[in-house]
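User: Could you walk me through how the helices pack in this one? I'd like to go pair by pair.

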Amino acid sequence: MMSTRLIDAPVVVRTTIFATAAMAWLGSASAAWAHPHHASMVHGEHAFAQGLLHPVMGLDHVLAMVAVGLWAGQIGGRRAWALPAAFVGLMLVGGFGAFAGIPLPAVEGGILASVLVLGLLVAAALKLPVAAGTAVAGVAALFHGYAHVSEMAADSSLAAYGAGFALGTAGLCAAGLGASRLLQLRGQAVLVRACGGGIATAGLVLAAVTWL
C-alpha cells in the first residue's frame, strides 16, 4: 500500500522556496516572450501548428493552464475534468469574440491576473463548488482565448488555429492534472501547493516586468 505520509516540514519549506524562486526567475527571464511576436512565428498556411504552439510560447499561458490542471487535481474525482473542460471551452468562446471584433478590455491584465489568482487557489488548495470553480476557470479562459486569436496570422484558418490552441491548452491542463494527482497519491500534496505559490509569484513578477 502506498504511503500517504507527508514530507517533513523543512523539506516543505525548501521546496516552496525553490518553486517560488524558479517560477519567479522564469517569469523575469521570459518577459521577452511577450505576445506580439507570436503571430509572426508561423505563417497562416500552418494555422494548426501556429495555434498549437501559441499556448506554450507564452509563459503566462503556460502557468495559467498548468495551474488549472493542478487545481483540478486537488479537487479530484470525476469533477476534476470540469475545470479543464470549462477552460478550453470558454477559451474558444473568447477567441471567437476576438475574431468577431467584440471588445474585451484589459486582456493582458486579465491574463496576468489569472496567473496570480489560479496560483493562489492552488497554493490554498481551495475546493470551490464545481459551478464556482468552472466559472473562475472560464472567466480566466476568456482572456487567454481572446489573446490567442488577436495574435493569429491574418491569413490563418480560424477553425484550424482554434483546434491547435485548444489541443495545446488541453495538453498543458492535463500535464498539471496528472502531476497533481501523482503527487497527492504519494502523500506530497504540499508540493502541489508549493507549485501554486511559485505560479502566483511568477504572475506578480510578470506583472511587474510588464507595467513597471
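Analyst: Helix H4 (residues 82-99) and H6 have axes that come within 6 Å and cross at roughly 35°, where axes are lines fitted to C-alpha atoms, for helices over the stretch in contact, and angles run from 0 to 180 degrees between N-to-C directions. This is a predicted model, in which local features need pLDDT of at least 70 and side-chain atom pairs count only at pLDDT 80 or more, while totals for chains, interfaces and linings use all residues. Residues are numbered from 1 along each chain as its sequence is written, and side-chain values use heavy atoms, with hydrogens and water left out.

User: Is the H4 and H6 crossing left-handed or right-handed?

Analyst: H4 passes H6 in a right-handed crossing; a crossing is left-handed if the near helix is turned anticlockwise from the far one by less than a right angle, and right-handed if clockwise. By class, the contact of H4 with H6 has 16 nonpolar, 10 polar and no charged residues, with Ala, Val, Leu, Ile, Met, Phe, Trp, Tyr, Cys and Pro counted as nonpolar, Asp, Glu, Lys and Arg as charged, and the others, Gly among them, as polar.

User: How many helices and strands does the chain have?

Analyst: The chain has eight helices and zero strands, where helices (H or I, at least four residues) and strands (E, at least two) are DSSP runs, numbered from the N terminus. Of its 212 residues, 45% count as buried, meaning under 20% relative accessible area, with exposed over 50% and partly exposed in between (1.4 Å probe, protein chains only).

User: Now H3, at what angle does it cross H5?

Analyst: The axes of H3 (residues 59-75) and H5 (residues 107-124) cross at roughly 30° and come within 9 Å, and the two helices are therefore roughly parallel to each other; angles under 35 degrees count as roughly parallel, over 145 as roughly antiparallel, 65 to 115 as roughly perpendicular and the rest as oblique. Their crossing is left-handed.

User: Which residues meet there?

Analyst: On the H3 side they include Leu-63, Ala-67 and Trp-71, and on the H5 side they include Ile-111, Val-115 and Leu-118, with contact meaning heavy atoms within 4.5 Å. The residues of this contact of H3 with H5 divide into 12 nonpolar, four polar and two charged.

User: And what does the buried part of H5 pack against?

Analyst: The buried residues of H5 pack against H3, H6 (130-150) and H8 (189-211), and among those buried residues are Val-107, Gly-110 and Leu-112.

User: How do H3 and H6 run relative to each other, parallel or antiparallel?

Analyst: The axes of H3 and H6 come within 11 Å and cross at roughly 160°, which makes H3 roughly antiparallel to H6. The contact involves residues including Asp-60 and Met-65 of H3, and Val-136 and His-144 of H6.

User: What about H7, how many residues does it have?

Analyst: H7 (residues 158-185) has 28 residues and reaches 40 Å from its first C-alpha to its last, close to the 40 Å expected at 1.5 Å a residue, the expected span being 1.5 Å times one less than the number of residues. Its buried residues, among them Tyr-161, Phe-165 and Cys-173, pack against H2 (47-53), H3, H4, H6 and H8.
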